[in-house]
Amino acid sequence: MNIPFLSFDKTNDQIKTLTLEAIERCIDSKWYVLGNEVKEFESLYSTYNKVKFTIGVANGLDALHLSLLALEIKEGDEVIVPSNTYIASVLAVSYTGATPVFVEPDINTYNIDPDKIEEKITAKTKAILPVHLYGQACEMGKIMDIAQKHNLFVIEDNAQAHGAEFDGKITGSFGNINGTSFYPGKNLGALGDAGGITTDNEQLYTKCLSLRNYGSHKKYYNEVIGYNSRLDELQAAVLKVKLPFMAEWTNERIQIAAWYNEGLQGLAEIVLPATAPKASHVYHLYTIRTEKRDLLQQYLNQKGIGTLIHYPVPPHLQEAYKNLGYEEGDFPLAEKIAQTTLSLPLFIGMTQSQVEVVCQEIKSYFNA
Ligand SMILES: *Cc1c(COP(=O)(O)O)cnc(C)c1O
């Protein structure tokens, strides 16, 4: 039985007719950039994410970059980021000229360890950028307390955690301003690149409207050096079709993870994902850890089971960040995760028997 890492078969079946209708509506509207589809999706997403404002942008990286710019973060500033994250969280900080300052994760949740943030705060620190990695909410209680105590902004990277909660409050609604991605493979994904900024702050909202559209509120009058980072009408129309499925799809992800937890329990060689008290996990990824990661991945690949590594190289060891001067050993937990993590297949439509096959093959590998 071939089991892909990711499949769009079921979600595409669910949305195809509605999406074709939506695309036809876009064509007939004859208004292709920043029209009603974007406006309506922004309003629907604000309701979903329990914020006052959403600004649709071109992708998740831009969402974070423009959020930081709206807060006027710039060269000479420092922004605290997790050492264990996707590169986009760090790139967004670099684009502003500010310096990313890494904080190690909690080795159980893989999210930024709030107890290690304060020791990294300096006079230059302007913001904390927590990332709800793999779909688990960060410990936002402690993070918000630290931010308040030190007068720092918070920008959540919610690209992997649509619909997750900490202490009953949805991620993407804690920070002063937050970025998310609707890249096709994310929990809420478009049929191409797309992203969004969420905030309760009207001033930041207004700034972002301008930043995403050439630094202009009024056509041909430019207040700031802005960008072209608009959410596409077609992608907004697709996202409007998909958003109502989110509750169902999120529950399905949680169910698949529960099947994995059950099927893999008691295997001494692997570490299963753990969720912090008060946090919820929407399983953008189901990641295990094992010292035999590369061999296990090879074995599963031979059996027709797709897996991926999120992520093989932590940001501080990327060639692109040579200039920061870090070496191997500087962030040992992030490095350990990079060396041992493996993401198992998880997609909408995955059946219990498919999960059982993956678990069975993992067991066969370790029992051999
Ligand atoms: C996907 C992702 C992004 C960037 O999103 P894009 O839409 O690909 O630009 C940022 N942060 C994290 C954690 C992501 O997973």
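Across the interface of domain 1 and domain 2, one salt bridge is found. A salt bridge here is a side-chain nitrogen of Lys or Arg within 4 Å of a carboxyl oxygen of Asp or Glu. The model is a predicted one: local features need pLDDT of at least 70, side-chain atom pairs count only at pLDDT 80 or more, and totals for chains, interfaces and linings use all residues. Residues are numbered from 1 along each chain as its sequence is written, and side-chain values use heavy atoms, with hydrogens and water left out.

The protein chain is split into domain 1 (8–243) and domain 2 (245–367). These bounds come from an automatic or database domain assignment. Domain 1 gives 44 residues to the contact, and domain 2 gives 39 residues. Contact means heavy atoms within 4.5 Å. The C-alpha centres of domain 1 and domain 2 are 24 Å apart.

The size of an interface is often given as the accessible area lost when the parts come together. Domain 1 and domain 2 bury about 3,700 Å² between them. Of this area, 61% is on carbon and sulfur atoms. Buried area is the accessible area (1.4 Å probe) that two parts lose on being put together, summed over both. On the side of domain 1, Y110, Y134 and N187 lose the most area to domain 2. Together they account for 20% of what that side buries.

Polar contacts also cross the interface. The rule finds 24 residue pairs in polar contact between domain 1 and domain 2, both residues being at pLDDT 80 or more. A polar contact is a pair of N or O atoms within 3.5 Å; within protein, one must be able to donate a hydrogen and the other to accept it, and residues adjacent in sequence count only if both atoms are side-chain atoms. The side of domain 1 that touches domain 2 divides into 19 nonpolar, 16 polar and nine charged residues. Ala, Val, Leu, Ile, Met, Phe, Trp, Tyr, Cys and Pro count as nonpolar, Asp, Glu, Lys and Arg as charged, and the others, Gly among them, as polar.

The structure holds 13 salt bridges. E252 forms one with K10, the closest N and O atoms being 3.0 Å apart.

Residues around the ligand (a heavy atom within 4 Å) include N59, L61, Y86 and K186. A backbone N or O atom of G60 lies 2.8 Å from a ligand oxygen atom. A polar side-chain atom of S181 is 2.6 Å from an oxygen atom of the ligand. In the side chain of D157, an N or O atom lies 2.7 Å from a ligand nitrogen atom.
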